[in-house]
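The following exercises are to be worked with the sequence and the coordinates side by side. Each task is followed by a solution that goes step by step.

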Amino acid sequence: MYALVTDGTITKYFSYPKGFTLGDLQYPKDIFTKWSVEEKEAIGIYEVVFDDSNKKDEKWYINTNQSFAFADGVVTASYGTATAKAHADTLWTAQDETDGKGTEGEVATRGLKYNLIQTLKQQVAGILSDTDWYITRNAEKSTAIPSAISTYRNAVRTKQASMETAITNASNTPALETLYTYTEQSDGTVTRPLGELPTLEI
């Protein structure tokens, strides 16, 4: 991406090479690939430098739009301070009810915690469905459920409960993000504080 700088001010952006007119002169799109950096900058064409230092994971944060600035001979595109997504549910207020938006105390917008727990429940349901046939067979034909299957299914539910507790107890959005962030351990394994649901060893 390039920007045209005139008298120290960004006046035009080029998302891709294309011909343009500057003053009384017309320039073909080839200048973006064939001209040197110095030649382009001599007519005010600068390649944009992207600064993503403030950009955060959009699973947890709402990033600002990029802003562009020209300083010290460099055009920079950067983000402002990201806003953390709400970790808890947002409820309708008394004023909201007065304004006809919703009933005070009821959920207006679900927070990250609720959504993460719902996703976890769906994952657990999918995992357990693989061994549900043992339960169905036991109910229909009284065939004993292998102890390994029972132990596994109980372990899944136990881990689910501990994971839901960890999510619920997270004090804010950064704490939630930490639960889900994988890091390399001293033994070389890569884990996250939230842990993983058990897998069935056959």
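**Exercise 1.** Which residue's side chain meets that of D30 in a salt bridge, and at what N to O distance?

*Solution.* The model is a predicted one, in which local features need pLDDT of at least 70 and side-chain atom pairs count only at pLDDT 80 or more, while totals for chains, interfaces and linings use all residues. Residues are numbered from 1 along each chain as its sequence is written, and side-chain values use heavy atoms, with hydrogens and water left out.

Step 1: apply the criterion, namely a side-chain nitrogen of Lys or Arg within 4 Å of a carboxyl oxygen of Asp or Glu. The partner of D30 is K34, with 3.6 Å from N to O.

Step 2: classify both residues by relative accessible area, where buried means under 20%, exposed over 50% and partly exposed in between (1.4 Å probe, protein chains only). D30 is partly exposed because its value is 34%, whereas K34, at 63%, is exposed.

**Exercise 2.** Determine where the salt bridge between R153 and D132 lies, and how accessible its two residues are.

*Solution.* Step 1: the side chains of R153 and D132 meet at 3.1 Å, N to O. This pair links distant parts of the chain, 21 residues apart, with R153 in helix α6 and D132 in helix α5 (residues 132-141); helices here are DSSP runs of H or I with at least four residues, and strands are runs of E with at least two, numbered from the N terminus.

Step 2: R153 is buried, with a relative accessible area of 7%, while D132 is partly exposed at 32%.

**Exercise 3.** Describe how helix α4 (residues 112-129) and helix α7 (residues 173-180) are arranged.

*Solution.* Step 1: with axes fitted as lines to C-alpha atoms over the stretch in contact, and angles running from 0 to 180 degrees between N-to-C directions, the two axes come within 11 Å and cross at roughly 25 degrees.

Step 2: angles under 35 degrees count as roughly parallel, over 145 as roughly antiparallel, 65 to 115 as roughly perpendicular and the rest as oblique, and α4 and α7 are therefore roughly parallel to each other.

Step 3: taking contact as heavy atoms within 4.5 Å, L112, K113 and L116 in α4 meet T173, L176 and Y180 in α7.

**Exercise 4.** Which residues does E164 contact, leaving aside its neighbours within four places in sequence?

*Solution.* Step 1: E164 is found in helix α6 (residues 147-169), and its contacts are I117, L120 and K121.

Step 2: E164 counts as buried because its relative accessible area is 16%.
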